[in-house]
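Visitor: Would you kindly show me how the features of a structure are to be read?

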Amino acid sequence: MKYEQINKVKELLENDKNNISSMNELNDLKVKYLGKKGLISELNQLIRDIPNEEKKDFGQAVNEVRTLFNNFYDNQKEKFETEILNQKLANEAIDISLPATHISTGAPNILEKLIEEVEEVFMSMGYDVVDGPEIEEDKYNFEMLNIPKGHPARDAQDTFYVEGEELLLRSQTSPVQVRTMLEGKGETPIRMICPGKTYRRDDDDATHSHQFMQIEGLLVDKDISLSDLKGTIDVAVKKLFGNDIETRFRPSYYQFTEPSVEVDISCFNCKGKGCSICKNTGWLTVAGAGVVHPNVLRMSGYDPKKWSGFAFGFGAERLAMLKYDINDLRVFYNTDLRESKDFDREEDL
Ligand code: DAH
């Protein structure tokens, strides 16, 4: 009779075993069999009513059921835990064969970079960086630079006129010289550079553009001569292109400077021996310059008897093309990031 009860629990257990599908169910089962009022615990209670001589056998029979349960429980638990772990691992798996996300970082425009380098060089010599309007008055772009109306020098600058004959797109950054002098009111010494856009009616090709950039420079002070200009340009060029680069001045003509010069630097590629970059001359022209014409000083309020100065104008694209070995200036104005990247040498180093 008592053994029958043990067998019933055994049967029940065999049946229950097949219906367990989760850890929670397994734990419920443990309570059902081994809990305080569990089926196996109840079997244990029966031992009290068993005659002494049978107690041992009965106890063993109950223990067998307990062992059956425990074995089942341990196996099943391990199975569930492995399943849970595998599931977790599968969820957290990183597929290292996936291509990486492309992060586009961009790069500074190479012309902008060149201009910043030039600014640094001149700022280190005490120059201010100033600005001027791109839509300019004829007065500043020409007249106050000693180029009166009807003067043939105007023809060379194929100017875009905005309105009538008075308003134009500046054809050079030189009007900023005039504006800066007017601000100085004939009293303040001036040291400034002005990088900026300029416009001329030109067909666009590899070396020409209707819009280009110049870097204007002006110094006005006491006892300034052509040799000060030469020394300044020499230092700037060496800082930009290297200490072994020489400068030379060739006589030239500009209305607003007297004397006027063309600034050449020795070819950094062949060091003056002659190559395709310098067209076998050993020299590269980088700027127009000169001693500020007394008329220009006077018109802008600086007494040429007291003051003198020098001025220069670099072609920014030309400097950048030389420095970064670029043979088509149109690359400066297209917005293709790859072009900028190609020139970003620092990043490659
Ligand atoms: N403005 C001149 C040009 O566009 C360049 C130039 C020449 C600027 C001589 C100067 C200078 O300041 O002194 O051709």
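Guide: Let us begin with the polar contact, which is a pair of N or O atoms within 3.5 Å; within protein, one must be able to donate a hydrogen and the other to accept it, and residues adjacent in sequence count only if both atoms are side-chain atoms. Here, a polar side-chain atom of Gln172 is placed 2.7 Å from a nitrogen atom of the ligand. For Ser174, the separation of a polar side-chain atom from a nitrogen atom of the ligand is 3.0 Å. Gln177 has a polar side-chain atom 3.0 Å from an oxygen atom of the ligand.

Visitor: On what basis are such values given?

Guide: This is a predicted model, in which local features need pLDDT of at least 70 and side-chain atom pairs count only at pLDDT 80 or more, while totals for chains, interfaces and linings use all residues. Residues are numbered from 1 along each chain as its sequence is written, and side-chain values use heavy atoms, with hydrogens and water left out.

Visitor: Which residues come nearest to the ligand?

Guide: A residue is near a molecule if one of its heavy atoms lies within 4 Å of it. There are 15 residues around the ligand, and Gln172, Gln177, Arg200, Gln214 and Glu216 come nearest. Strands are DSSP runs (E, at least two residues) and helices likewise (H or I, at least four), numbered from the N terminus. At least two residues of the shell come from each of β6 (211-221), β9 (283-292) and β10 (308-315).

Visitor: How is a helix read as covered or open?

Guide: Buried means under 20% relative accessible area, exposed over 50%, and partly exposed in between (1.4 Å probe, protein chains only). In helix α10 (residues 316-324), seven of the nine residues are buried, among them Ala316, Leu319 and Tyr324.

Visitor: What follows α10?

Guide: Asp325 comes next, with a positive phi near 55°. Asp325 belongs to the loop between α10 and α11 (337-343), and it counts as exposed because its relative accessibility is 59%.

Visitor: Where else is phi positive in a residue other than glycine?

Guide: Lys279 has a phi near 50° and is found in the loop between β8 and β9. Lys279 is classed as exposed because its relative accessibility is 69%.

Visitor: Which residues does a cis peptide bond join?

Guide: The cis bond links Glu258 and Pro259, with omega about 0°. Pro259 is part of strand β8 (residues 257-266).
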